[in-house]
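Work through the exercises below with the model open. Each task is followed by a solution in steps.

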Amino acid sequence: SIQGWITLLINDWCKEHIKTLHKEYPHTEWLAICKVEPQWNWIFLMTDMVFPWQKGVGWEVETTKEWMDWFTRELINRGENTSQWNCILHSHHSMGCFWSNTDDNARLSLNDWRQVEWAVVTAYDKEWNIHYKGCINFYKPYNIEIDVSVVDLECEWIVDKYNEYLEKVGESEKRIYNYLLEI
């Protein structure tokens, strides 16, 4: 089973931002749009997030088409890879982490032009520990949803250590390649 193989790490800056949003809006559902970058085999890293203009509508939180259009133009103007801003994170404040019917319908409604979208719900407990539930949805050629592990541990060192490993592997590969050229 692929479930459990895919892991979304949340970098320290995003983790602190999420905790601050929970404390600033403790009894309110809110949403953020997040940037997710691939790291290595089935490991992804949330590296940035924005807290858009939003309003509560019934049991859900929405932003406006105008704000999304502005944000997309801003990303393009910055030279960002817009396909990496493909995570919708939202709060269930102190209700716990679960997929509500509203969440299920919202994820299905994202099946438009995109191929993949991450979804994360977050909540806090009495001690302000932050909890997460996540999934990745593949929409093309047909809809597949896979639960993922979401980890907000001190993950920066994991990425640094892996990059060091890749650098060493790369150096070894270069030495082997150069050796083979000399033969």
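**Exercise 1.** In which strand is Ser91 found? Describe its surroundings.

The model used here is predicted. Ser91 is found in strand 6. Its relative accessible area is 0%; the cut-off for buried is under 20%, so Ser91 is buried. A polar atom of the Ser91 side chain lies 2.7 Å from the backbone nitrogen of His93. Leaving out residues up to four places away in sequence, Ser91 touches His22, Thr28, Glu29, Trp30 and Thr122.

**Exercise 2.** Check the length of helix 1 and locate its buried residues.

Helix 1 runs over residues 12–24, which is 13 residues. The buried residues are Cys14, Lys15, Ile18, Leu21 and His22. They cover an arc of only 125 degrees around the axis, and therefore lie on the same side of helix 1. In an α-helix, residues three or four places apart point the same way because there are 3.6 residues a turn. The buried residues of helix 1 pack against several strands, including strand 1 (7–10) and strand 6 (87–91).

**Exercise 3.** Classify the ring pair of Trp30 and Phe51.

The structure holds seven aromatic pairs. For Trp30 and Phe51, the ring centres are 6.0 Å apart and the planes are at 70 degrees, so the pair is edge-to-face. Trp30 lies in the loop between helix 1 and strand 2, and Phe51 in the loop between strand 3 and strand 4, so the pair ties together parts 21 residues apart in sequence. Trp30, at 1% relative accessibility, counts as buried; Phe51, at 31%, counts as partly exposed.

Terms used: Residues numbered from 1 in each chain as written. Predicted model: local features only at pLDDT ≥ 70, side-chain atom pairs only at ≥ 80, totals over all residues. Heavy atoms only, no water. Helix = DSSP H or I, 4+ residues; strand = E, 2+ residues; numbered from the N terminus. Expected span 1.5 Å × (residues − 1). Buried < 20%, exposed > 50% of the residue type's maximum accessible area, 1.4 Å probe, protein only. Arc of directions from axis to C-beta. Contact = heavy atoms within 4.5 Å. Polar contact = N/O pair within 3.5 Å; in protein donor to acceptor, adjacent residues only side chain to side chain. Phe/Tyr/Trp six-rings, centres within 6.5 Å; stacked < 30°, edge-to-face > 60°.
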